[in-house]
Amino acid sequence: MSDKKMRMQLQCPMPKLDFDVITLGHGSGGVLTNKLLDSGVFDLLSNPILDERHDGAIFQLEGKLAFSTDSFLVSPIFFPGGNIGELAVNGTVNDIAMCGAIPKYLSLSFIIEEGLKVSEFWDILVAIKGACEEADVHVVTGDTKVVEKGKGDKIFINTSGVGSLHPKAQISSKNIKAGDKIIVSGNIASHGMAIMSVREGLEFDSEILSDTINLNHTIERLLEAFGEHIHLLTDPTRGGIATVLKETAQSINLGIDMAQRDLPIDNQVSSACELLGLDPIYVANEGLFIAFVDASIADDFLETLKKDENGANAKIIGTVTEEHPKQVIMESAIGGKRVVSMLPGEQLPRIC
Amino acid sequence: MSEYRDPELAKKYLEEIKKTVSQPWSIMEVCGGQTHSLVKNGIIDMLPNEVTMIHGPGCPVCVTPLNIIDKAIHLALEENVILCSFGDMLRVPGSKKNLLEAKAEGADIRILYSPLEAVRIAEDNPDKEVVFFAVGFETTAPANALSVIHAHRKELKNYSILASHVLVPPAIKAVIDDEESKIDGFLAAGHVCTIMGNAEYHPLSAKYKVPIVVTGFEPLDVLQGILMVLRQLEESKAQVENQYSRIVKEEGNPDAQKMIHTVFEIKNQIWRGIGEIPESGYQVRAEYADFDAKRKFQIEIPEAPENPDCISGQIMKGLKKPFECSQFGKKCKPTNPLGAPMVSSEGACAAYYHFSGLVEA
């Protein structure tokens with residue numbers, strides 16, 4: 001656990017409760033619900049809007065807004081590098097940032113399977129609090145439901161988020177043109193392989209950590225410096241960088257050229273992928289983004305990003321081209337070419 | 001491993017290959033992993049026109065008989081059965097559905113990397129039957145055999161394997177014997193030979209006068225293997241050579257072989273899309289009948305016909321290329337495979353579909 005996270009845990013000790021697992025009663029809206037929420041959610045995440053405890057949150061936001069939602073089902077809920085709590089905050093914070101907006105307020109919904117240990121729920125809440133503070137966002141409304149054993153998978157979380165567009169942001173795939181450079185902000189495939197390493201039946205020894213982190217401050221700085229030269233921002237979560245690049249190529253009706261040797265990847269992650277027969281370009285990422293930027297500022301963009309704490313391993317990985325529209329062509333390690341296509345479903349580990 | 005992917009060395013091999021060929025040659029790479037490597041690294045397009053690579057039946061997922069898949073699905077849907085399987089079996093079409101769809105219907109199906117993990121699951125779930133879907137070439141047979149040996153030692157009553165093992169040398173023989181096939185040389189499957197050694201290939205090479213080079217999977221391995229076959233062909237030689245010598249010993253792995261022979265015996269085997277090849281499969285020996293899911297569960301499932309549009313047999317024998325199939329990329333895609341070679345990442349059809357852009361994905 002990082003120092004920051006450990007400090008967070010120490011600053012937020014779990015309150016004394018007379019129950020240690022969550023039951024159906026906690027979701028029914030009565031006394032038990034209030035007990036759980038009062039000692040947990042509201043205290044920990046307190047802010048003036050949330051403290052109103054109204055059916056909805058009333059707030060002021062200026063200008064054009066970005067709005068996003070995401071549900072989090074990761075299993076296991078605790079994994080190397082984090083837990084589902086911070087994933088739920090960072091995921092939506094980053095989606096708002098990818099729109100070129102400054103995330104400000106979140107909604108937070110839990111669907112809890114009865115039997116979840118309160119201590120685990122508390123750890124998730126503490127992680128949510130920590131992630132909100134890092135990202136400078138506030139949870140202003142939420143919901144908690146409990147379902148019978150077997151009808152959930154420990155806990156599902158949904159977060160929606162809203163934020164105002166940065167005045168210099170002009171994010172749209174329509175702005176992408178041939179010649180644009182494609183930049184990835186760091187090492188690929190870390191999150192997916194961190195999860196794999198603790199999945200039942202596939203466990204392997206590793207020090208791979210999930211890369212979940214909030215990227216909004218980094219994005220804000222880049223928008224400030226490069227404004228309308230940033231044509232598209234996107235975060236390659238499920239399906240990896242390949243899926244996002246392929247989807248973009250299809251939607252803009254242009255081609256993408258890239259080379260395998262340009263992809264930044266941690267050695268352990270790369271070895272783990274080899275071991276399990278997984279192609280890292282299809283493995284999920286969390287604290288990573290891809291930027292399509294005007295060629296004229298690409299080098300400056302990269303230099304600026306590399307000085308950022310979330311961009312040390314950033315690299316230019318591709319170019320948008322008029323050739324082979326809708327296709328992503330990758331040059332292999334030995335110089336041959338292959339087409340990068342969509343995965344039909346979940347990437348399945350190899351047999352031999 | 002990056003030394004086996006060095007672009008400068010690759011260039012040198014390709015130049016050497018170009019210098020060596022003086023006439024057209026057809027080489028079959030037996031193993032699906034080699035097909036995968038050829039297409040993924042773009043090697044096929046980098047080879048000179050005189051060299052035609054023919055993709056062999058070395059994809060165990062692809063050749064698992066339809067009836068066994070149906071049996072696995074039937075078992076998985078039983079109330080108290082946990083079916084454990086390698087990941088890429090899950091999307092292979094049975095006659096009505098695949099294992100992934102069975103999972104969505106409530107079957108307890110677990111993806112594992114090792115059958116020993118399935119033994120552990122059997123120990124942890126004494127009131128359930130645990131069946132491991134033991135598919136593969138000779139490569140995966142030792143681990144599958146070991147799982148039975150372990151279960152036997154632990155006196156487990158609830159563990160068995162549903163075995164569908166296929167052997168490479170009889171497949172090579174069947175391919176050469178087929179009148180329609182015109183294959184001049186072979187890249188033998190490196191990982192199979194790691195287990196079984198090279199002994200069975202010498203008589204094949206001598207009888208049919210074909211060079212057989214035991215080859216690995218990295219791009220430089222495959223290029224070197226191709227070069228070694230071409231050199232033999234140009235010099236009218238027909239021998240067994242070992243390109244993958246850093247891993248493969250002539251005698252293979254005797255301990256692994258012992259494990260295989262303890263639990264398995266050779267039998268005739270049906271290869272999906274190809275038909276029956278004599279003495280080309282393994283079955284569990286009678287002494288271990290309690291661990292043989294076929295005997296234990298006595299599942300009666302009628303043989304179902306294959307999809308008539310699927311020409312996987314011809315593709316796996318190297319008689320047709322995937323893009324020569326009328327359904328390739330149309331009715332038959334990875335999201336809706338008509339046959340197994342479109343499902344497994346090592347199947348020729350899937351490899352072409354994913355990597356060579358012959359069809360708009």
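Which residues have the most contacts inside the largest nonpolar core? They are Ile183(A) and Leu83(B), and this core has 226 residues. The structure is a predicted model: local features need pLDDT of at least 70, side-chain atom pairs count only at pLDDT 80 or more, and totals for chains, interfaces and linings use all residues. Residues are numbered from 1 along each chain as its sequence is written, while chains are lettered from A and ligands numbered from 1 in the order in which they are written.

**The nonpolar core**

- A nonpolar core is a set of buried Ala, Val, Leu, Ile, Met, Phe, Trp, Tyr and Cys residues joined through C-beta atoms within 7 Å.
- A residue is buried if 20 or more other C-beta atoms lie within 10 Å of its own, exposed if 12 or fewer, and partly exposed in between; C-beta atoms are placed from the backbone.
- In soluble globular proteins, nonpolar side chains tend to be buried together.
- The largest core here has 226 residues, and helix 5 (residues 118-135) of chain A gives the most to this core, with 10 residues.
- Helices (H or I, at least four residues) and strands (E, at least two) are DSSP runs, numbered from the N terminus.
- Beyond its neighbours within four places in sequence, Ile183(A) touches a list of residues that includes Ile290(A), Phe301(A), Leu305(A) and Ile317(A). Such a contact needs C-beta atoms, placed from the backbone, within 7 Å.

**Domains of chain A**

- Chain A is assigned domain 1 (3-10 + 20-165) and domain 2 (173-340). These bounds come from an automatic or database domain assignment.
- The centres of domain 1 and domain 2 of chain A, taken over C-alpha atoms, are 28 Å apart.
- In chain A, 20 residues of domain 1 are in contact with 21 residues of domain 2.
- On the side of domain 1 of chain A that touches domain 2 of chain A, helix 4 (84-98), strand 4 (101-113) and helix 5 of chain A each give two or more residues. Helix 4 of chain A has the largest share of that side, eight residues.
- By class, that side of domain 1 of chain A has 12 nonpolar, five polar and three charged residues. Ala, Val, Leu, Ile, Met, Phe, Trp, Tyr, Cys and Pro count as nonpolar, Asp, Glu, Lys and Arg as charged, and the others, Gly among them, as polar.

**Domains of chain B**

- Chain B is divided into domain 1 (1-297) and domain 2 (312-354).
- Their centres, taken over C-alpha atoms, are separated by 18 Å.
- In chain B, 26 residues of domain 1 are in contact with 18 residues of domain 2.
- Helix 2 of chain B gives the most to the side of domain 1 of chain B that touches domain 2 of chain B, with five residues.
- That side of domain 1 of chain B has 13 nonpolar, eight polar and five charged residues.

**The seven-stranded sheet of chain A**

- This open sheet has the order 8-10-7-11-9-12-13, with mixed pairing. Two strands pair if DSSP finds at least two bridges between them.
- Its edge strands are strand 8 (230-234) and strand 13 (337-340) of chain A.
- Five of the five residues of strand 8 of chain A are buried, so this strand is largely enclosed by the rest of the structure.
- Strand 8 of chain A runs antiparallel to strand 10 (residues 290-293) of chain A, and four bridges join them. Leu233(A) stands opposite Ala291(A).
- Strand 7 (residues 181-184) of chain A is also antiparallel to strand 11 (residues 315-321) of chain A, with four bridges. Here Val184(A) has Lys315(A) as its bridge partner.

**The four-stranded sheet of chain A**

- This open sheet has the order 1-6-4-5, with mixed pairing.
- Strand 1 (65-72) and strand 5 (138-147) of chain A each have a single partner strand, so one side of each is left without a neighbour in the sheet.
- Strand 1 and strand 6 (residues 155-165) of chain A pair antiparallel over eight bridges. Phe67(A) stands opposite Val162(A).

**An exposed proline in chain B**

- Pro278(B) lies in strand 11 (residues 275-284) of chain B.
- Pro278(B) is exposed, because 12 other C-beta atoms lie within 10 Å.
- Leaving aside neighbours within four places in sequence, Pro278(B) is in contact with Pro170(B) and Asn268(B).

How values were computed
Two residues are in contact if their C-beta atoms, placed from the backbone, lie within 7 Å.
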